[in-house]
Amino acid sequence: MVLEAIDEHNLPPLTGKRTRASSAGQAKCIKYDYQRAEESVFSDWVGEVPRFPDKQFERTFRIKRHMVDITLNHLCRRNSFWIKGVCRAGKETINPYVKLLCALKMICYGTSGNAFLDYHQFGEMTSRRCVHHLVTGLVTCPALAEVYLRIPTKADAVKVTTMHKNAHKMPGMLGSLDVTKVHWKNCPTGLKGQFQGQEKCATIALEAVVDHNLWFWHGSFGFPGTLNDINLWERSSLLESMLNGRHDQIDHQYTLDNKPFKKLYYLVDGIYPSLSRFLGTETDPSTRLDGSFKLDQEAARKDVERGFGVLKLNFLSLTHPINLHHRDDIYYLVMATILLHNMMVEERVADDEVEDGAFYYTICIEDNDENEEETDNDDEAYSSTPAGRHEKFEMVPRRWAELYDYEGSKYLKDAMKRHLYSEKFGKTQWRMRTCGGIILIHCTFKLRMNS
């Protein structure tokens, strides 16, 4: 009876060799068509007459079409991964343009490589390798990193402060300083106590300085998410540059409320300490002067908020939980997105007829002369000597006292209050006279005439 029931339902016999249930559904090796992917990419995006226009290319990949060729040329010089060759089986490997565009899609949209499996014709592991080689190649390439991840020179500082003077009526402003965080999904359990803060998930902090054009002049990444802005500042490379004297090299003189100033400053929120290079907001305005300054300072400090918003909107991999396991890989990912963002800012400023087309062009920087290079080399050579190291060490306490100067910070804020108030409501003249032993104060307003 049992054998007849087995025969009727085509069931496997009770005795004998049994076949595994998973053998019937075992995954097969997928044969990808690399030639098809290459033809599709060239006919749609990078061919001589592509199907999609330049505007659609920029909207899809966040960078312009000619920037792909420039980036790929730099990557090919440093890594053979981006060179098309022949494998051991005698077949052609994947085209570099296919690899690059797939990696850009994964960074821009924060998705897995399986989302583009049918178009780019390679698996998820290959797509992950493309992203890894792209972000590490961009950050470690001197030709790109020294331009789009550079620290400001004195010529850059002059241009940026002039731009902020025209945009925000704030002379001497280098940019806005703030912190944002990214979600680390695959944080190891042993590190969650260090990286899991008030967000109830593991996060990594990014400290950045952004100007009015949304160019990132400073970026420090890798801090645990449990730290606040003050703890991050005490570990920041920007603080180190202020203490070792490198930040003093970009200072230049400017006038504020008819008084000369030399130290450039950054706009910060209320949590930061009162430093001579920080211009914080007014937490509790009690007068009309304080209220007007609070509005102007917070409006100008929106530059860094806009910078973070545009960066995360263009590269959704920073908005979605990052599924990488190593902090070094996340560091290269974040810095590569900042580099690509600065590339697009340079192109946007160059295309804008109102702006200076060579605003961020390094060749136009007047500081890179041979005489100044020789001076910098002499200073570095002297600093490497025992006497130079001893002198450099002795300068740190003096620079620390000058930086953490509450009176200097208050003096800068009061001068900025009067300057912004006069720029908004016109110049004010005060004169006193006596009448019957009573001091009378007359206030005369000289309103500006808008041309």
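Mentor: Among contacts in the protein chain between residues at least 6 apart in sequence, 65% join residues that are at least 24 apart. The model in which these contacts were counted is a predicted one. Its protein chain contains 18 helices and nine strands. Of the 451 residues in the protein chain, 42% count as buried. The accessible surface of the protein chain comes to about 25,800 Å², and carbon and sulfur atoms account for 53% of that area.

The average pLDDT of the protein chain is 85, and 80% of the residues score at least 70. Two stretches call for caution. Over residues 363–378 the pLDDT is below 50, and this stretch has 13 contacts in the model beyond near neighbours in sequence. Residues 429–451 also have a pLDDT below 50, with 32 contacts in the model beyond near neighbours in sequence.

We may now turn to the part you asked about. A pair of aromatic rings is described by two quantities, the distance of the centres and the angle of the planes. The model has 18 aromatic pairs. One of them is formed by Trp45 and Phe61, whose ring centres are 5.0 Å apart and whose planes stand at 85°, an edge-to-face arrangement. This pair links distant parts of the chain: Trp45 belongs to helix H2 (residues 34–46) and Phe61 to helix H3 (residues 54–61), and the two residues are 16 apart. Are Trp45 and Phe61 buried or exposed? Both Trp45 and Phe61 are buried.

A second pair has another geometry. For Trp215 and Trp217 the ring centres are 5.5 Å apart and the planes meet at 45°, so this pair is tilted. The cut-offs make the reasoning plain: planes under 30 degrees apart count as stacked and over 60 as edge-to-face, and the rest are tilted. Trp215 is buried, and Trp217 is buried as well.

To return to Trp45 and Phe61, ring pairs link these two residues with Phe52 and Phe57 into a cluster.

The charged end of Arg62 sits over the ring of Tyr109, 5.1 Å from the ring centre. Lys99, in turn, lies over the face of Phe81 at 4.0 Å from the ring centre.

Leaving aside neighbours within four places in sequence, Ile94 is in contact with Tyr34, Lys84, Lys99, Phe122 and Thr126. Ile94 is located in the loop between helix H4 (65–78) and helix H5 (96–109). Because its relative accessible area is 8%, Ile94 counts as buried, the limit being under 20%. The C-alpha atoms of Ile94 and Lys84 are separated by 6.6 Å, although the two residues are ten apart along the chain.

Which residues touch the most other members of the largest nonpolar core? Among its 71 residues, they are Leu100, Leu101, Leu104, Leu134 and Phe221. Helix H15 (residues 327–351) gives the most to this core, namely twelve residues. For Leu134, setting aside residues up to four places away in sequence, the residues touched are Leu75, Trp82, Leu100, Ala103, Leu104 and Ile107. A second, separate core has 36 residues, including Leu232, Tyr265, Tyr272 and Leu412.

Gln121 lies in the loop between helix H6 (117–120) and helix H7 (124–140). The phi of Gln121 is near 60°, a positive value in a residue other than glycine. Gln121 has 9% relative accessibility and therefore counts as buried. Asn258, found in the loop between strand S4 (254–256) and strand S5 (259–261), also has a positive phi of about 60° although it is not a glycine. Asn258 is exposed, because its relative accessible area is 75%. Asn114, in the loop between H5 and H6, has 43% relative accessibility and so counts as partly exposed. Asn114 and Met125 are eleven residues apart in sequence, and their C-alpha atoms are 9.5 Å apart in space.

Definitions and conventions
Residues numbered from 1 in each chain as written. Predicted model: local features only at pLDDT ≥ 70, side-chain atom pairs only at ≥ 80, totals over all residues. Heavy atoms only, no water. Phe/Tyr/Trp six-rings, centres within 6.5 Å; stacked < 30°, edge-to-face > 60°. Helix = DSSP H or I, 4+ residues; strand = E, 2+ residues; numbered from the N terminus. Buried < 20%, exposed > 50% of the residue type's maximum accessible area, 1.4 Å probe, protein only. Lys NZ or Arg CZ within 6 Å of the ring centre and 35° of its normal. Contact = heavy atoms within 4.5 Å. Areas by Shrake-Rupley, 256 points an atom, 1.4 Å probe, with all protein chains shown as cover. pLDDT = per-residue confidence, 0-100. Core = buried A, V, L, I, M, F, W, Y, C linked by side-chain atoms within 4.5 Å.
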